[in-house]
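Student: I would like to go through this structure and ask what each term rests on. Where should we begin?
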Amino acid sequence: MQDSPNTPVHPKRPARRRVAGAFVTWCSDHLARYVFLAVAFSATASLLLIALFILKEGVPFIVKIGFKDFLFASEWDPSAGKFGIYPMIIASLWVTLGAMLIGAPLGVAGAIFLTQFVPRSVMRIIKPMIELLAGIPSVLYGFMGVMVLAPFIRNHLGGPGLSLLAGSIILGIMVLPTVISISVDTINAVPRTYLEGALALGATRWQSVHMVILKAARSGIIASIILAMGRAVGETMAVIMVVGNAVKIPHSALDSVRTLTANIALEMGYATGLHRQALFATGVVLFVVVMILNSLAMAAMKRKTGS
Amino acid sequence: MEPAVKISVQNLSVFFGRHQALRGLTLNVTANRILGIIGPASSGKTTFLRTLNRMNDLDPESRAEGRVLMDGADIYHPSQSAVQLRKRVGMVFALPMPLPMSIYDNVTYGPRLSGIRDRAILDGIVEQTLTSAFLWDEVKDRLNMLALRLSGGQQQRLCLARTLAMDPEVVLLDEPCSGLDPISTARIEDALSVLKARYTIILVTNNTKQASRVADETAFFLMGELVEMGETSQIFTVPRDQRTSDYVTGRFG
Amino acid sequence: MRIPPKITQAMAVILLGAATLFTVIVLVLIIAFVLKRGVPEISWEFLSTKPKEMGKAGGILPTVIGTVLLPLLAILIALPMGVGTAVYLSEYTRENRITKIIRFGTDCLAGIPSIIFGLFGYIFFVTMLGMGWSMLSGGLTLAIMILPTIIRTSEEAIRAVPQAYREVSCSLAATNWETVYKVVLPNALPGIMTGVMLGIGRSIGETAAVIFTAGSSLMMPNSLNDSVRTMSVHFYLLAREGISNEKAYATAAVLVFAVLFVNLTAYWMMNRFIAKRSR
């Protein structure tokens with residue numbers, strides 16, 4: 001039935017070619033390793049490059065004008081040489097806070113409801129829908145804010161309509177997918193045994209959820225909120241369309257404001273010289289704030305996996 | 001005629017981090033015979049096997065001391081390439097592990113890496129090795145089928161054919177029949193008996209009956225040490241060490 | 001007076017459910033609103049003719065071209081770099097100081113707001129390297145933006161390939177590199193493609209970074225050095241300058257469909273990936 005096992009399986013190549021082949025293999029393997037190592041640094045290198053250039057353009061300006069006159073001065077008038085971004089900082093702060101006041105509770109509530117009280121088949125449709133909504137361009141949300149939300153605010157609450165409130169609401173809606181998505185993943189990662197243990201002790205579903213699961217998922221949920229905050233601070237296009245872009249310190253939620261991001265985007269097109277440097281300096285401030293927020297979020301995430 | 005020594009292991013110790021898996025192993029593997037390695041779990045049998053084709057190198061924590069000579073040359077010498085070694089020493093793993101490709105591509109994976117592109121030669125290799133593994137008749141009409149679709153026993157025979165396709169000198173088998181039905185097991189054992197005329201075979205098994213059926217020589221490992229080694233008939237009838245006797249009679253295991 | 005647990009549970013479910021419903025409704029309404037106003041304006045003519053009067057009339061052909069080419073360029077650059085990084089992290093090394101630095105860099109890059117990318121792209125590609133407002137500047141900037149996504153999904157896909165395959169390949173005398181391109185990468189491909197689609201989706205919706213690097217020219221691009229306008233940018237300019245609400249809605253609707261298509265493709269690929277692994 002079979003050949004004699006002593007017939008050669010495949011022809012032996014001449015010894016010299018075999019050695020050469022082995023050498024080529026060894027070379028290409030080592031070469032591959034070094035090429036991949038070099039490429040692996042591309043992300044880190046890009047980060048360094050970005051930090052370098054933003055800082056290079058912005059820091060000298062901050063040094064020249066002085067910290068206090070830049071960060072804490074309230075007058076922004078580039079043609080008169082006044083570069084105080086304090087109103088913008090306050091605006092960004094309040095818009096972000098407002099957005100989180102809306103987005104965080106709704107998002108976490110949604111995440112809890114979807115993971116604990118909804119059958120998996122429904123989840124399988126809803127989760128992708130939410131991820132899809134995360135992909136909708138921000139300018140669209142901004143546009144809706146302009147066409148629908150701002151007039152509503154103007155007609156029913158007063159003020160110009162394009163306001164801090166409008167910005168917070170739109171941003172709050174925009175960060176919902178982020179908060180929900182990450183919170184859902186975090187909650188789902190809590191071992192099933194935690195839930196089953198609590199239920200076995202006679203707790204209702206809701207009791208197990210808020211006493212056991214939420215506690216276990218806490219750092220992940222916090223991380224998702226901080227991450228969403230970082231995104232809210234950095235959001236530009238939607239914000240530009242709905243907040244009115246007036247440079248002033250807001251006294252009420254109905255006032256028009258201008259955020260740090262809006263400031264950069266609006267004036268970059270025609271700024272020159274010192275003015276342009278001021279915008280880069282604004283970028284530096286933004287960069288630092290976002291870096292801090294993201295580091296906090298990463299630390300919160302690590303605490304989750306550490307425990 | 002003095003039987004040739006294919007592999008000579010001299011005082012081999014293997015460490016994984018701080019854990020010592022093999023202690024001062026010394027033995028000689030005779031060419032063109034089947035060496036069976038028996039012993040309870042965690043006695044270092046698999047570690048020993050993986051030392052012979054330098055698969056332990058894949059674990060960055062592993063460290064080997066002592067010498068392993070094949071045909072007189074130390075395989076761990078810095079000038080020796082692990083990749084070239086594995087062309088001469090093939091391995092069949094405990095669980096059938098076909099690659100996610102067709103039967104044909106599985107068998108020709110190794111030869112194609114060596115640079116063989118001629119379709120006729122590859123076809124010949126496929127037919128010959130599958131025949132040696134007692135699998136040819138069952139799959140010759142569906143060589144392009146995904147190998148994962150075969151049954152467990154067929155997959156394992158495919159893995160054997162795949163290893164043979166490298167045209168190695170030594171074939172290592174790590175508990176190849178665990179989890180296989182008796183018929184598949186018998187087929188593989190038959191294949192090994194025929195193949196030893198051409199290859200040197202080392203077979204790790206936790207089934208002492210299999211060793212007594214198939215192996216020419218048997219070595220008994222216990223807790224990382226080589227307790228005793230000799231002709232199979234001697235090991236199973238008149239073992240020299242009490243521990244060997246206890247194990248083969250089933251007093252522990 | 002303690003409220004019985006069953007009642008608190010009912011209250012909680014109602015509250016949470018209401019919150020979720022509200023969220024879903026709001027998000028769906030936004031999409032529905034845009035589609036309702038925008039779809040009637042869409043026609044083949046709209047998609048295939050050039051705009052007139054800065055977009056007040058005519059179609060959006062150049063922006064469609066821009067929206068196709070720019071993400072494509074970004075992927076062409078980011079894919080090899082991202083997959084290469086992922087391969088290095090999972091196949092060529094184990095966790096050590098270097099990998100921590102690489103991961104830190106990747107995670108940080110992921111969190112940078114798009115306006116900063118716009119600033120960087122402007123100062124580095126457009127000005128310092130002299131590329132001007134061009135597809136090249138835009139593509140390079142977008143590539144850096146989507147790099148973390150590609151790296152993350154590729155690494156996940158590569159790690160999901162069973163270790164058994166690598167062992168088998170090794171035992172058949174393959175080098176590390178051969179194992180990677182013959183066994184690991186082909187099996188990780190669906191997962192990698194998911195990352196690609198996600199990156200494309202992000203690029204399509206990106207506005208801030210694109211305006212400052214690719215510019216906003218309404219002319220048909222002839223080369224990589226030409227400025228180009230994407231649909232997102234076009235939409236933004238139409239809305240903000242108040243040029244035409246109807247055209248804006250129409251552009252938005254097309255954008256929504258594009259994002260929908262990309263996301264659905266990504267989702268379909270992901271499902272195939274999971275199905276293949278569990279066979």
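Tutor: Begin with burial: a residue is buried if 20 or more other C-beta atoms lie within 10 Å of its own. Keep in mind that this is a predicted model.

Student: What makes strand 9 of chain B largely enclosed by the rest of the structure?
Tutor: The count over residues 217–222: 6 of the 6 residues are buried, so strand 9 of chain B is largely enclosed.

Student: Why do the side chains of a strand fall into two sets?
Tutor: Because side chains in a regular strand alternate between the two faces of the sheet.

Student: How do you know that strand 9 of chain B pairs with strand 10 of chain B?
Tutor: Pairing needs at least two bridges. Strand 9 of chain B and strand 10 (residues 225–231) of chain B have 6 bridges, in the antiparallel sense, so by that cut-off they pair. One of the bridges links B:Thr218 with B:Gly230.

Student: What joins strand 3 of chain B to strand 9 of chain B?
Tutor: 4 bridges do, and the two strands run parallel. Strand 3 covers residues 34–38 of chain B; B:Leu35 has B:Glu217 as its bridge partner.

Student: How do you know that the length of helix 6 of chain B agrees with its number of residues?
Tutor: Helix 6 of chain B, residues 152–164, has 13 residues, which at 1.5 Å a residue should span 18 Å; the end C-alpha atoms are 19 Å apart, so the two agree.

Student: Why is helix 6 of chain B called mostly covered?
Tutor: 12 of its 13 residues are buried, among them B:Gly153, B:Arg157 and B:Leu164. The buried residues pack against several elements of chain B, including strand 6 (89–92), helix 3 (103–113) and helix 7 (182–195).

Student: Why is C:Phe235 called buried?
Tutor: C:Phe235 has 31 other C-beta atoms within 10 Å, and the cut-off is 20 or more, so C:Phe235 is buried. C:Phe235 lies in helix 10 (residues 231–240) of chain C. Leaving aside neighbours within four places in sequence, its contacts are A:Val139, C:Ala248, C:Thr251, C:Ala252 and C:Leu255.

Student: What makes C:Ala248 count as a contact of C:Phe235?
Tutor: The cut-off is 7 Å between C-beta atoms, and C:Ala248 is in contact with C:Phe235.

Student: How many residues take part where chain C touches chain A?
Tutor: The contact takes 66 residues from chain C and 64 residues from chain A. On the side of chain C, helix 1 (residues 5–38) gives the largest share, 17 residues. That side divides into 45 nonpolar, 18 polar and 3 charged residues.

Student: And how many where chain C touches chain B?
Tutor: 14 residues from chain C and 18 residues from chain B. Helix 7 of chain C gives the most to the side of chain C, with 5 residues. By class, that side has 8 nonpolar, 3 polar and 3 charged residues.

Student: Which domains does chain C have?
Tutor: The domain assignment gives domain 1 (5–41) and domain 2 (44–277) of chain C. Their centres, taken over C-alpha atoms, are 30 Å apart. 7 residues of domain 1 of chain C are in contact with 8 residues of domain 2 of chain C.

Definitions and conventions: Residues are numbered from 1 along each chain as its sequence is written. Chains are lettered from A and ligands numbered from 1 in the order in which they are written. This is a predicted model: local features need pLDDT of at least 70, side-chain atom pairs count only at pLDDT 80 or more; totals for chains, interfaces and linings use all residues. Two residues are in contact if their C-beta atoms, placed from the backbone, lie within 7 Å. Ala, Val, Leu, Ile, Met, Phe, Trp, Tyr, Cys and Pro count as nonpolar, Asp, Glu, Lys and Arg as charged, and the others, Gly among them, as polar. Domain bounds come from an automatic or database domain assignment. The expected span of a helix is 1.5 Å times one less than its number of residues.
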